[in-house]
Amino acid sequence: METLLEPLAFGFFQRGLLVATLSGALLGFIGVYIVLRGMSYIGHGLSHAIFGGYAATQLFAAQFYVLGAGLWGIASAIAITAVSRRSRLGADAAIGVVTTASFALGVALFSKFGSAGPSFDNALFGSILGITDSQILWLLAVIALTAVAVFFRYRALLFTTFDPDVAQASGIRVGRIEALLMVILSLSILVTLTVIGVTLVAAMLVIPAVIARMLTNTFGWMLALSTLVGTLCGLVGMYLSYYAGVPSGTMIVLVGATVFLIVLGMTGARGLRRTAGMDHPTADRSRVAA
Amino acid sequence: MTALLTLSGVTAGYDATPVLHDVDLAITSGEFTGIVGPSGAGKTTLLRLLLGTLAPAHGTVERAPGLTLAYVPQLETVDWNFPVTVFECVLMGRTSHRLWPWPSADERRSVAQVLERLGIADLSGRHIRELSGGQQQRMFLARALLREPALLLLDEPTSGVDINTRHDVLHLLGDLNRDGMAIVLTTHDLNGMAAHLPHLVCVNGHIVAEGSPEQVITPEVLEETYGAKLEVLQHLGMPVVIDGGAPGRLAG
């Protein structure tokens, strides 16, 4: 009990714990759609692209860096979707070029001009130092937006994730739903970036969703379980990072990886089989069920 | 007999390479049509034009106002690892606006009824991978029927299923058609499928011929469609195609 309460005496830890837990929940939730669409790599790329946007914006208008990075991220996301819709083959390459170039630009600008916000290490691996009220409000706003969007477009999101062609033939505006998802994804990465870190955000999009998939065959349950796992990773990882004295993002991801191994041990081959094809949307589609 | 969909002078394809040229085709209410042709002939392209998921490069596609379509995809194109149960999958068919994510009592009843009608009511809670090919086909039919469509389109509904299932699917579609639903399907199976349908459209880059099986399943039309000489025999009043020269060509 003492162990749990002691760090809470610090204001920075309270904020950190709140943000880490909410970030874990948000990434766990949205990660289900990302992983099932085989878009994990897009999440990885976007976080790097947003870093470039952040570094560039703060040079001109430090106070608007969230806005600048957000717009940069959304623009990258829409560009990537447009390219990947036209030719699936080119998507990986497009992500690789656009987002790593953006990341490299960010690193160059950071090294040359320094940062008005978090330090370089903190930006890469996450930090709970200097979390402002406005960051917490941004995070809450994105969570609210995500919850509302998924609540009201639940079936359309599910249908387009499962089978975009049939969804479109059934009158769903697939393009709009995909754009909505990309906006939510960009914003989610943006508001969780400080605590989790640029290089580790993608892991928190993927790990909870994969764990949840190993545990259930039902979509609704997968959403709930993935959110729960993400929440727990954020909560537990935050405490461990405090005691171990390492960046918050690293511990949150390590907790996730540990839970993954435990679940893998429990579900074995059956769990792994369920995740087949999640790395690539088309990989498993040539096979007819036995 | 009103026109549900009318294609006039349509040329269409992908990335500026036309697959279909100058197609005129009308789908009318209550008809039951099979689109036949070899692989790469444009069957799926034609289907996508009818569905509205592909826009024509030239020409027009006219759709009757308020037309409700439903589509049953080829089983091979589906991600069977996707985490949905049969119930969740069928419910996707109800796309009309309901604010809440969870199904209403009315929707639950509708899903149960359509699963009952297709004989897979007991599979409602199963994961989609646990189903046999025939059951998977029925599940997608259930999802389509939940939309109460005026026009049902199916892409190769009998590929990847056994003979019994093919027979069942054909019967089921026949019943639906008698109840007034217009049905259009693609098939490469001339003897098992196409010969049993009342109306056929032969496609090979353009529409080669259109009419009843007796009118269309002739050596001349088949040669133009498949680019191969095929023999046609009559058996119990139905045409039977013999592919002597090139085994497997029809199965492509």
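The contact between the two chains, in which residues count as touching if their C-beta atoms, placed from the backbone, lie within 7 Å, takes 30 residues from chain B and 31 residues from chain A. On the side of chain B that touches chain A, the elements giving two or more residues are strand S5 (69–72) and H4, where helices (H or I, at least four residues) and strands (E, at least two) are DSSP runs numbered from the N terminus. By class, that side has 14 nonpolar, eleven polar and five charged residues; Ala, Val, Leu, Ile, Met, Phe, Trp, Tyr, Cys and Pro count as nonpolar, Asp, Glu, Lys and Arg as charged, and the others, Gly among them, as polar.

This is a predicted model, in which local features need pLDDT of at least 70 and side-chain atom pairs count only at pLDDT 80 or more, while totals for chains, interfaces and linings use all residues. Residues are numbered from 1 along each chain as its sequence is written, and chains are lettered from A in the order in which they are written.

For chain A, the mean pLDDT (the predictor's confidence in each residue, from 0 to 100) is 84, and 89% of the residues reach 70 or more. Over residues 280–290 of chain A, however, pLDDT stays under 50. Where pLDDT is low, the predicted coordinates should not be read in detail.

In chain B, Asp22(B), which lies in strand S2 (residues 17–28), has a positive phi near 45 degrees although Asp22(B) is not glycine. Glu148(B), placed in the loop between helix H4 (133–145) and strand S6 (151–155), likewise has a phi near 45 degrees.
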